[in-house]
Amino acid sequence: MKPATSALAKSAAILLALASISCPAQNSPAQTSAAPATSPAPPPPPPPATPTHPAPTPPPTPFNRSVILLDPAHGGLDSGSRISESIVEKDVTLTFAFKLRSLLAARGFSVVMTRDNDAATLPGTPNTPLTLDDRAGIANHAHPVACLLLHATAAGAGVHLYSSELDATPGETFGSPWLTAQAAWVTQSQRLQKNLAQALTRANVPLVLSRASVRPVDSLTCPALVVELAPAGGDNTTLIEGGYQQHVAEVIATALVFWQNQAQPPDRPDSATPTPPVTGAQP
C-alpha cells in the first residue's frame, strides 16, 4: 500500500502547485493600497493683461461757465455821452449793471464787474484811473463765459448789440497781439449775439445788430459783446426808469442761462493770453 500512498501524495503535491500558479496569493491591504496620486500640473499662467490706457484728459476749458463779466462803461471823470440835461451815460451803465448782476446772481452766476461805483479806478489804488486796457485785463483774468460791455445812447431805441469787427481766426495762437486777441473768439461772440438777439426779439425789445471795434472788445479773450441800451420808444427818460432797465436785464439774464452750456472754446485753445500794455497806459 505504500506505493499507492506515495502516488497520491505526489498527485496532491502537483495539484497544490498548479493551484498556486493559477491563483496567486492576494496581497495584504497595505500592499494593495493605491499609490499616492501624482499632483496635477499647475495651470498655465494667464496671458498678460492687455495694457489699458486712460482716456485722454480733454484740454481745460478756457472759460468758467459760471462767471459773467460786466463792464459798465465810463465812470469817474469820464461821464460818457450826455443822454439829456440830467442823464449821463456813466450813470445809466452802472445802474443797468447792478440790475443785471442781481438777476445773474439769482440764477447761479458769479459776476465780475470792472467797477461797482462811480469812480473808475484800479482796485486798491483809488487815485489810478481805470484804463480800457485795465478793463480788458480784468475780464481776461476772470475767464468768463460771456463779457458784456455796457453802454448807453440817446440814439435809436431798444438794445444795440455789437460784436467785434475783427475777422475770425480758426483758433487762439500763442502770444496773440493785444489789440486783436478777440479774433479767436469772434465766432463764439457772434453766436452769443444771436442768442441774445433771439431772446430780445421774443420779448418785443427793439433791436439793432451790428459789428464795431469799440475798445476794449478787441482785446478780450472770451465771447464778448457791446450791449448798448437805447431808450424805449424814443423817450430818453426811460433809460433811467427801473421798469424798462429791469425788463431788458431779465431778458438778457435768462438768455445767458441758455448760453452757459452752449458756449464753446476756439477750435484750438491755447492757455496763453495776450500780454497787455503797461498798466495804466492810455489806449
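Strands here are DSSP runs of E, at least two residues, and helices are runs of H or I, at least four residues, numbered from the N terminus. The model is predicted, so I kept to its rules: local features need pLDDT of at least 70, side-chain atom pairs count only at pLDDT 80 or more, and totals for chains, interfaces and linings use all residues. Residues are numbered from 1 along each chain as its sequence is written, and side-chain values use heavy atoms, with hydrogens and water left out.

**Sheet**

I then took the two strands as a pair: β1 (residues 64-72) and β5 (residues 144-152) run parallel and are joined by six bridges. Pairing requires that DSSP finds at least two bridges between two strands.

I traced the whole sheet next. It is open, has six strands in the order β2-β1-β5-β8-β6-β7, and its pairing is mixed. I noted β2 (110-113) and β7 (207-211) at the edges; each has a single partner strand, so one side of each has no neighbour in the sheet. From one strand to the next the twist averages 25 degrees.

**Helices on the sheet**

Angles run from 0 to 180 degrees between N-to-C directions, with axes as lines fitted to C-alpha atoms, for helices over the stretch in contact. Helix α4 (residues 132-142) touches β1, β2 and β5, and its direction makes about 170 degrees with that of β1. Helix α5 (residues 186-202) touches β5, β6 (159-163), β7 and β8 (224-229), at about 165 degrees to the direction of β6.

**α5 and α6**

I compared spans with expectation, which is 1.5 Å times one less than the number of residues. α5 has 17 residues and reaches 24 Å from its first C-alpha to its last, close to the 24 Å expected. Helix α6 (residues 242-262) has 21 residues, which should span 30 Å; its end C-alpha atoms are 30 Å apart, which agrees.

How do the axes of α5 and α6 cross, and within what distance do they come? They come within 9 Å and cross at roughly 135 degrees. The two helices are therefore oblique to each other (under 35 degrees is roughly parallel, over 145 roughly antiparallel, 65 to 115 roughly perpendicular, the rest oblique). In the contact I listed residues of α5 including Leu192, Leu196 and Ala199, which meet residues of α6, among them Val248, Ile252 and Trp259.

I looked up burial too (buried is under 20% relative accessible area, exposed over 50%, partly exposed in between, with a 1.4 Å probe and protein chains only). The buried residues of α5 include Leu192, Leu196 and Leu200, and their cover includes β5, β6, β7, β8 and α6. In α6, Val248, Ile252 and Trp259 are among the buried residues; the cover there includes β1, α3 (89-106), β5, β6, α5 and β8.

**Backbone exceptions**

Most residues other than glycine have a negative phi, and most peptide bonds are trans. I looked for departures. His143, in the loop between α4 and β5, has a positive phi near 50 degrees. At 35% relative accessibility, His143 counts as partly exposed. Asn204 lies in the loop between α5 and β7, and its phi is positive, near 60 degrees. At 70% relative accessibility, Asn204 counts as exposed. Arg215 and Pro216 are joined by a cis peptide bond with omega about 10 degrees; I placed Pro216 in the loop between β7 and β8.

Key: Contact = heavy atoms within 4.5 Å.
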